[in-house]
Amino acid sequence: MEEDKSFSELIHRGGEDNSHGWQKVTYVKKRTRASKNTSSNLLPNGSGAVTDKNGVFKAVEKNAEDRRRILDAKRAASSLYDDDDGFPVRSNRNVDDDEDYPNGESKENIPADANKKDKTKKVKSPKVTVAEAAAKIDADDLAAFLSSISESYEGQPDIQLMRFADYFGRAFSAVSAAQFPWLKLFRESPLAKIADVPVSHISESVYKTSVDWINQCSSEALDKFVLWSLDGILADMATQQPGSKNSKKGGQPASSKAQVAIFVVSAMVLRRKPDVLVNLLPKLRENSKYQGQDKLPVLAWMIVQACVGDLAVGLYVWAHHILPILGGKSGSNPQSRDLVLQLVERILAVPKARGILLNSAVRKGERLMPPSALDLLLRVTFPSSSARVKATERFEAIYPVLKEVALAGSPGSKGMKQVSLQIQTVVVKAAGEGVPALSQEATNIFIWCLSQNSDCYKQWDKIYVDNIEASVAALRKLSEDWKRISLKQSSHQALGETLKSFRQKNEKELSEGVDAARQTYFKDADKYCKAILGRVSRGGGCAKTMAFILVLTAAGVGAAVVYPSLDAWDWDKLSAVFNT
């Protein structure tokens, strides 16, 4: 019943409502403004109204009211309002408009002059180029600075090098990133254009002062400094990659300003102490952050700097670190391949480069072109006809000199004997891959190995059966060019013994019933072995006869001098002995 009653009461109340469905709407904003006057007597904390029973504040209120009237009169007489004159009543405008005019003034009531705020125009700093900043560096001032830090930080080469970098950092601090867009330059320019960037702007006197001081620094400190510089360059590169948090559209980050100094100082260190780059190779190989196609332009630039100081160092780093890129995932990338070629082409283009590199073919016990580099070079220079690319012709042009460097050395030396065994192991695989041009070149190098070390015959004997295709190619070459090749062989006796061993192996393989294709190889090999053995035997007999004749001739000449009265028949008897 209560529910029915309440429901009926609602109906009754609804029936007494004369609003006919309309409802009065009030704005909170207006009510708030209206309540301001009523709440003027509230305490600051809003706890209640102040009751002035004794009229203590009446005089104060009267004075305040008088001041307010005077101010209102002034505002009415003037069209301009000062911020300190009070807070006039806000007009019923949009809330957003009130935010632009916090004192309640409307746009229409403020004259045009008042809307124009005094804005101080930013004075644009003049653009400073790398060349202009470099021209301001004074060699005497630099020398005094270097002398000072050498004394202040004696025994602390790491700090000295950092202070040295700071000096150039201040010198180039006015150069903006737009004046030195190094990443764009490195990516889009050929190596020849970036080779001297930005060190070419440094004056000769400043450069000489710098490198003379660098020459006194320890190798260990320089290694750390160059690696630190490389880390800074790669970090700056990372910030400029698309999608990076610090990357900016349409430009480079401000941190690129410091890169001018890092590039300048790194270039001078590498040019004066190129061995630093060789010392860093293990870390460059082991750490993945220094690898990848995007890092290649920076590494190529560093190698070019080292080439200025020592061309052999440049080829060493190229052969041991850059060339192997072609054997990896990036090897098929045309841009990577082009940069690898640009670098070695620049090295070989240096005047007298061939002589310099041949004289330095072995550097501190290590070869500039190791056997692994020769193997890779063979494969990119002599690919199958279907695998040829535009870069193949460029590899063919540089191959002869690089091959000379790879095979250079003192004949008969311990190092040469060792490297000939290593090269023989490498080329025997290439010779048996069935690529005509590659097989021919690898076979020629295989024969060269035999001429350098008699132990190569023993090694050949061990790998003969497993590499029968390459062995047949080598035997064919020996048979066809015997007259020329026989004069260069290290040991005819070792060759003869090896050929006899081959014949025994051929007989064994053929008797065991190998597949038809391998049978053909072993039959051809046995044919060549038999032909070469006959020539080796005849050659050995001729050699002994010639040696005997030379000895007797020398003896005869000596006898003729001592006994000039020898009869003619004595010479006839001597010739008869020779003929027998």
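Helices are DSSP runs of at least four residues, numbered from the N terminus. The model used here is predicted.

**Exercise 1. Find the two faces of α11**

Task: Which residues of helix α11 are buried, and what does the face turned away from them carry?

Solution: 
- Step 1. Helix α11 covers residues 204-214. Its buried residues are V206, S210, V211, W213 and I214.
- Step 2. These residues span an arc of only 160° around the axis, so they lie on the same side of α11.
- Step 3. Turn to the face away from the buried side. The exposed residues E204 and K208 are there.
- Step 4. Look for the packing partners. The buried residues of α11 pack against α7 (139-152), α8 (157-171), α12 (219-239) and α13 (259-272).
- Step 5. Link this to Exercise 1.

**Exercise 2. Describe a helix pair**

Task: How are α23 and α26 oriented, roughly parallel or roughly antiparallel? Which residues meet?

Solution: 
- Step 1. Two packed helices are described by an angle and a distance between their axes.
- Step 2. For α23 (residues 455-463) and α26 (residues 492-511), the angle is about 5°. The axes are 9 Å apart.
- Step 3. Angles under 35 degrees count as roughly parallel. Therefore α23 is roughly parallel to α26.
- Step 4. From α23 come Y457, W460 and D461. They meet A494, L495, T498, S501, F502 and K505 of α26.
- Step 5. Sort the contact by class: 5 residues are nonpolar, 2 polar and 2 charged.

**Exercise 3. Explore the core**

Task: Which members of the largest nonpolar core touch the most other members?

Solution: 
- Step 1. The largest nonpolar core has 145 residues.
- Step 2. F168, F172, W318, W460 and L475 touch the most other members.
- Step 3. W318 touches L323, P324, V340, L343, V344, I347, M369 and L402.

Key:
Residues numbered from 1 in each chain as written. Predicted model: local features only at pLDDT ≥ 70, side-chain atom pairs only at ≥ 80, totals over all residues. Heavy atoms only, no water. Buried < 20%, exposed > 50% of the residue type's maximum accessible area, 1.4 Å probe, protein only. Arc of directions from axis to C-beta. Contact = heavy atoms within 4.5 Å. Core = buried A, V, L, I, M, F, W, Y, C linked by side-chain atoms within 4.5 Å. Axes fitted to C-alpha atoms, helices over the stretch in contact; angles between N-to-C directions. Parallel < 35°, antiparallel > 145°, perpendicular 65-115°, else oblique. Nonpolar A, V, L, I, M, F, W, Y, C, P; charged D, E, K, R; others polar. Lists of a residue's contacts leave out its neighbours within four places in sequence.
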